[in-house]
Amino acid sequence: MQVDVLLGLQWGDEGKGKIVDFLADKYDLVCRFQGGPNAGHTLIINGHKTVLHTIPSGIFRHDITNVIGNGVVIDPSTLCEEIDELNDLGLNVTERLIIAKKAHLILPTHRMLDAASEKAKGLDKIGSTLRGIGPTYMDKTGRNGLRMGDILRSDFQDKYTALKKKHLRILKMYPDLDFDLEAEEQKWWGSVDILRKIQQVNGEYFINQALQQGKSVLAEGAQGSMLDIDFGTYPFVTSSNTVTSAVCSGLGVAPGRIGKVIGITKAYCTRVGSGPFPTELHDETGEKLRQAGHEFGATTGRPRRCGWIDIPQLKYSIMINGVTELTVTKADVLSTFETIKLATSYQYDGRDTMELPFDLDQAGLTPQYLSMDGWESDISGIDDYEVLPKNVKDFIEKMEQLLEVPISLISTGPEREALLSRESSMVTA
Ligand code: GDP
Ligand code: IMO
Ligand code: MG
């Protein structure tokens, strides 16, 4: 069996949670492979909204095992809050959730370091989610980190204290922070005690054995390709690889095991936090997109920056990820727009090109737009592609033609059922 992958092609918040929840039905395992509680994946089921941060979005489906893979960084405090919220909904999370022992732990002092680093950067800050992601991955690659499996060892308290002391020494370089470390630590240790009761496995064996037994696996990405530590808009990125290759290192599966790669894009584009965004709209159209799409961060509540869809950017993400099919979300948000635009190329250095430059902030980079007529009608209840207004179909087919990858799913609302599948007429190799 193979591992299918679902990931975001833009700057995150493409609607991954909703689509994973929908597709999870067809899989035996749903696995997160990178990132941590910087993610906010929204599911709306029977009118009830849940935002997942660390737990995979297959958790609402019966008979599915949800794995937090080794590539993920876990904050015990946030993970326990999520578990509590789901238990309150009547889900038996302990039965459905498995954690890889090699996943790294976010300590309260990692969050302090994140906040201190952001504060020190002033106007140049990354705009991080302040969840301690950067410092935790730094400790992982610096070979100082603590891992999930360590919580079961007798020397865990000593290891924790040593790492905390190191963090406190580093924090002396920064101005004082408003952070109640004692209270946060109390919560953290209480959560660690609870997590000791959750099933932990050697994730790489667990997943490979499942594949050998003929089980199907869906890998759920967090963030988006433009936030990838290598290929994103560095340094305004997250601290993990968010692209398909990270599935191999974040779960322990070989490259030959990768099956379908489902790339998700909104019908427009958003970004939260700092950094370049070529098609960003600073005018009332951008504000209209924000209001119509309720574009406020699921993790931090910050307003998301909004703009038109960017074809060169999407083609770049498709190339890096090896995307085999596309899902377009939030098509309904464009329903009140008279005109819809797509950036089809960039102009810089006196030429028109599809290639993303080394630095997307490059002076003079100007997206070139194609304008299409909007459909100006509500499409939210429609579940048959053929019944959609002609202008919606023209827009979808134009995107498909420009991106050269079939669009197989179109999302028309935040609820689980607001989705229509489509037989693409595109001939693929
Ligand atoms: P994720 O991080 O990729 O899982 O996405 P988020 O949950 O952070 O943000 C997506 C937001 O859009 C959430 O509020 C979803 O409920 C909502 N959403 C997802 N798909 C659609 C859609 O097709 N239409 C509308 N209107 N909202 C959607
Ligand atoms: P999901 O999975 C959108 C952004 C932050 C910031 C940068 C670095 O919900 O799509 P970090 O806390 O990772 O060090 O922040 O990355 N960011 C996200 N933006 N969606 C996310 O996740 C994000 N996770 C991180 O806003 O700009
Ligand atoms: Mg999100």
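**Entry 1. The metal site**

I count as donors to a metal the N, O and S atoms within 2.8 Å (3.2 Å for Na, K and Ca); water is not among the atoms, so sites may look incomplete. With that rule I looked up the magnesium ion (ligand 3), which is coordinated by Asp13 (OD) and Gly40 (O) at 2.0 to 2.2 Å. I take helices (H or I, at least four residues) and strands (E, at least two) as DSSP runs, numbered from the N terminus. Aspartate 13 lies in the loop between strand S1 (3-8) and helix H1 (16-23), and glycine 40 in the loop between strand S2 (29-32) and strand S3 (41-45), so the pair ties together parts 27 residues apart in sequence.

I note that this is a predicted model, in which local features need pLDDT of at least 70 and side-chain atom pairs count only at pLDDT 80 or more, while totals for chains, interfaces and linings use all residues. Residues are numbered from 1 along each chain as its sequence is written, chains are lettered from A and ligands numbered from 1 in the order in which they are written, and side-chain values use heavy atoms, with hydrogens and water left out.

**Entry 2. Burial around the site**

I call a residue buried under 20% relative accessible area, exposed over 50% and partly exposed in between (1.4 Å probe, protein chains only). Aspartate 13 has 22% relative accessibility and counts as partly exposed, whereas glycine 40, at 11%, counts as buried. I then checked H1: 7 of its 8 residues are buried, so the helix is largely enclosed by the rest of the structure. Among these buried residues are Lys16, Ile19 and Leu23.

**Entry 3. The sheet**

I treat two strands as paired if DSSP finds at least two bridges between them. I found an open sheet of 10 strands with mixed pairing, in the order S9-S7-S5-S2-S10-S1-S11-S15-S19-S20. Strand S9 (200-201) and strand S20 (419-421) stand at the edges with a single partner strand each, so one side of each is left without a neighbour in the sheet.

S2 and S5 run parallel and are joined by 4 bridges; here cysteine 31 stands opposite valine 67 in S5. Strand S5 (residues 65-68) also runs parallel to strand S7 (residues 97-100), with 3 bridges, and isoleucine 68 stands opposite isoleucine 99 in S7.

**Entry 4. Threonine 329**

I located threonine 329 in strand S15. Threonine 329 is buried, with a relative accessible area of 2%. Contact means heavy atoms within 4.5 Å. Leaving aside neighbours within four places in sequence, the contacts of threonine 329 include Glu14, Ile19, Ile264 and Ser411.

**Entry 5. Aromatic rings**

I pair rings of Phe, Tyr and Trp (its six-membered ring) if their centres lie within 6.5 Å; planes under 30 degrees apart count as stacked, over 60 as edge-to-face and the rest as tilted. The count by this rule is 8 aromatic pairs. Tyrosine 160 and tryptophan 188 form a tilted pair, 5.0 Å centre to centre with 35° between the planes. The pair links distant parts of the chain, 28 residues apart: tyrosine 160 is in helix H6 (residues 156-171) and tryptophan 188 in helix H7 (residues 181-195). Both residues, tyrosine 160 and tryptophan 188, are buried. The rings of tryptophan 188 and tryptophan 189 have centres 5.3 Å apart and planes at 75°, so this pair is edge-to-face. I also record that ring pairs link Phe156, Tyr160, Trp188 and Trp189 into a cluster.
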